[in-house]
Amino acid sequence: MKEIIIACSGPSLDPDQVCDSGLEIVAVSTAIRSLYNGSSRIPEYWAFADKLNDRHGEEGSEAFLDDRVVKVMPSIRGGGARNIAKDGYDISTSNHELFLYLSNAGMKNWSSSCFAVAWAISKGYEHLIFAGCDLAQPPTWEGVLVTLREYHDKYPDVRLTSWTPESRINDFMEVDLL
């Protein structure tokens, strides 16, 4: 079974648990700060649907230039490759993959976490494990919660598991708190 950890930047994210799991990892947006240090912590993928900015930290700037990390960016709408290029980052010199988000996913929520899930499903991952997906501040995360539930219902063959204690996703996902 093809598995990947969807690592979000919630306060429950345990970088050691994620990095020591032996599974492939996609760092979602600002989670790159916790999951990349250039040596022992290097996620295979980094998905973000927003502009690369100071919220991604120095780790984000370094990871963007590190070809060991595949940058997964949207190819349409207001985020992704076009905006990154405008901000002085040359995507032609970086190991990256553009993903046509809305038409591939059929979903409407424009967040990096939903973008990462749509990308993982499109790549054939059969088991998505959510770490640091706290979604603790409604209504900010209400749309993400609704979209994740839609993924759960739309793709019944994709197993969704939460490693996030006390998250609202635990109401409809399998929970495996290590």
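This is a predicted model: local features need pLDDT of at least 70, side-chain atom pairs count only at pLDDT 80 or more; totals for chains, interfaces and linings use all residues.
Me: Let's take one residue, then. Why is Thr164 called buried?
Reply: Buried means under 20% relative accessible area. Thr164 has 0%, so it is buried. This residue lies in the loop between strand E7 (159–162) and strand E8 (174–175). Setting aside residues up to four places away in sequence, Thr164 touches Ser12, Phe130, Ala131, Gly132, Cys133, Asp134, Asn170 and Leu177.

Me: What makes Glu166 exposed rather than buried?
Reply: The cut-off for exposed is over 50%. Glu166 comes out at 79% relative accessibility, and therefore counts as exposed. Glu166 is found in the loop between E7 and E8. Its phi is positive, about 60 degrees, although Glu166 is not a glycine.

Me: Why would a positive phi be worth a remark?
Reply: Most residues other than glycine have a negative phi. Ser29 is another residue to look at here: its phi is near 45 degrees, a positive value in a residue other than glycine. Ser29 sits in the loop between E2 and helix H2 (32–35). At 8% relative accessibility, against a limit of 20%, Ser29 counts as buried. Just after H6 there is also Gly124, with a positive phi of about 90 degrees.

Me: And how do you know that Pro156 is exposed?
Reply: Its relative accessible area is 66%, and exposed means over 50%, so Pro156 is exposed. You will find Pro156 in the loop between helix H7 (142–154) and E7. Its C-alpha atom is 9.9 Å from that of Glu126, which is 30 residues away along the chain.

Me: Now the strands. How do you know that E1 pairs with E6 and with E2?
Reply: Two strands pair if there are at least two bridges between them. E1 and strand E6 (residues 127–131) have five bridges, in the parallel sense. E1 and strand E2 (residues 24–28) have four bridges, also in the parallel sense. Both counts meet the requirement of at least two, so both are pairings. To see them in the model, look at Glu3, whose bridge partner in E6 is His127, and at Ile5, whose bridge partner in E2 is Ile25.

Me: What makes E1 mostly covered?
Reply: Four of the five residues of strand E1 (residues 3–7) are buried.

Me: What makes H6 mostly covered?
Reply: In H6, 10 of its 11 residues are buried. Among them are Phe115, Val117, Trp119 and Ile121.

Me: How do you know that the buried residues of H3 line one face of the helix?
Reply: The buried residues of helix H3 (residues 57–65) are Gly57, Gly60, Ala63 and Phe64. Seen down the axis of H3, they fall within an arc of 100 degrees, so they line one face. On the other side of H3, Glu58 and Leu65 are exposed.

Me: Why is the ring pair of Trp46 and Phe48 called tilted?
Reply: The structure holds four aromatic pairs. In this one the ring centres are 4.4 Å apart, which is within the 6.5 Å limit for a pair. The planes are at 45 degrees; under 30 would be stacked and over 60 edge-to-face, so the pair is tilted. Both Trp46 and Phe48 are buried. Elsewhere, ring pairs link Tyr45, Trp119 and Tyr125 into a cluster.

Me: What makes you say that Lys2 lies over the face of Tyr125?
Reply: Lys2 is at 4.6 Å from the ring centre of Tyr125 and lies over its face. The distance limit for a charge over a ring is 6 Å.

Methods: Residues are numbered from 1 along each chain as its sequence is written. Side-chain values use heavy atoms; hydrogens and water are left out. Buried means under 20% relative accessible area, exposed over 50%, partly exposed in between (1.4 Å probe, protein chains only). The arc is that of the directions from the helix axis to the C-beta atoms. Contact means heavy atoms within 4.5 Å. Rings of Phe, Tyr and Trp (its six-membered ring) pair if their centres lie within 6.5 Å; planes under 30 degrees apart count as stacked, over 60 as edge-to-face and the rest as tilted. A charge sits over a ring if NZ of Lys or CZ of Arg is within 6 Å of the ring centre and within 35 degrees of the ring normal.
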